[in-house]
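Keep the sequence and the 3D view open, and try each exercise before you look at its solution.

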Amino acid sequence: MKTYDLIVIGGGAAGMAAAVYGRRAGLSVLVIEAVFHGGQAAVTPEIDNYIGFSKGISGADLMENFHAHATRFGAEFAYEQVLSVLEEEGAIRVITTRNEYKAGALVIAAGAAPRQLGVDGEAKFVGTGVSYCATCDGTFFSKKTVAVVGGGNTAAEDAIYLSKICEKVYMIHRRDTLRAEAVIAETALKEPKIEIVWDSVVDEIQGGKSVESLKIHNVKTEESRELSVNGVFIAVGIRPNTDIFKGIVDMDEHGFIITDECMRTRSEGRIAKRIYAAGDVRATPLRQVITAAADGAIAAYYANKAIGVV
Ligand code: NAP
């Protein structure tokens, strides 16, 4: 069984920052990533608030820089799905689809995945008009009409991105003000190709072989109508990837992992000295690349102190 000082679960911004700080502290570090490094940031069209990139940078490029940085310091990456984590005497055992590893400390940086809307037609049309990733699927809707559901940063950024590709973009939001931060919201509001459908929710996604229309209703007037669209991008928030950590670390009612300011997790109320959490998996007021990276750095710093390698 391969043994590392530090194992990081998740190769997004938080995980890769933990890897850089872990390696720089002299720890042997393995990052285990199920899909591809970069996480949600890698599919974010433009990141304009990661300090130091004054002209903005695409999420994919920023995450490639993170990866190059972590590998330059010698962090290892394994592309495997973690099945379970066990706390043993003085170590953590991590079992994946392909291997079993032992670690002195663990950083859970497994990120979050887009939430589903839960309406009729959503599951049926995934891949034929329903998408959760504008940068991945936007080009399929060149010069077509699409809708984005949601009013947060993701929805507004997706709508702005899609307005460069599509003929028209409806942004369907259940309230009369956007949740997105002011600078992003203002850009969406000013974009002529974006029409915001306020106070409205989607009841059904309809079509034949692919999406053709949405049944929506206004929550204030109760008026229902159909909106002709070729695709719908759902951006209604995120769900933490924490299912396999249930019973191991304490979580809030939404499944986000509770930590202290050292990124230490708790288990049944007691501090779990070898298990840290960082980034979007964490119960935290701000989920950005910059906060994820900071979380990862802090987690690796305290993990190093706890296992006392250096
Ligand atoms: P979010 O901030 O939680 O926003 C989700 C949006 O979806 C809200 O507007 C919410 O409406 C709406 N919504 C939720 N459930 C719904 C439902 N069942 N039906 C209709 N609408 C629904 O999620 P997010 O935009 O994915 O962002 C997640 C986190 O990542 C946030 O912390 C965000 O700041 C961060 N992020 C940052 C950036 C950036 O800084 N560039 C980019 C992307 C994401 P209400 O407003 O009514 O609640």
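This is a predicted model, and its count comes to 11 salt bridges. Let's work through some of them.

**Exercise 1.** Decide which kind of contact arginine 93 forms with glutamate 88.

*Solution.* 
- Step 1: The closest N and O atoms of arginine 93 and glutamate 88 are 2.5 Å apart.
- Step 2: A salt bridge needs these atoms within 4 Å, so the pair forms a salt bridge.
- Step 3: Now look around the pair: Glu88, Arg93 and Glu100 are linked in a network of salt bridges.

**Exercise 2.** Find which parts of the chain are linked by glutamate 195 and lysine 168.

*Solution.* 
- Step 1: Glutamate 195 and lysine 168 form a salt bridge, with their closest N and O atoms 2.8 Å apart.

**Exercise 3.** Lysine 220 forms a salt bridge with aspartate 199. Is lysine 220 buried or exposed, and is aspartate 199 buried or exposed?

*Solution.* 
- Step 1: The closest N and O atoms of the pair are 3.4 Å apart.
- Step 2: Lysine 220 lies in the loop between β13 and β14, and aspartate 199 in the loop between β11 and β12, 21 residues apart.
- Step 3: Exposed means over 50%, so lysine 220, at 55% relative accessibility, is exposed.
- Step 4: Buried means under 20%, so aspartate 199, with a relative accessible area of 11%, is buried.

Conventions: Residues numbered from 1 in each chain as written. Predicted model: local features only at pLDDT ≥ 70, side-chain atom pairs only at ≥ 80, totals over all residues. Heavy atoms only, no water. Salt bridge = Lys/Arg side-chain N within 4 Å of Asp/Glu carboxyl O. Helix = DSSP H or I, 4+ residues; strand = E, 2+ residues; numbered from the N terminus. Buried < 20%, exposed > 50% of the residue type's maximum accessible area, 1.4 Å probe, protein only.
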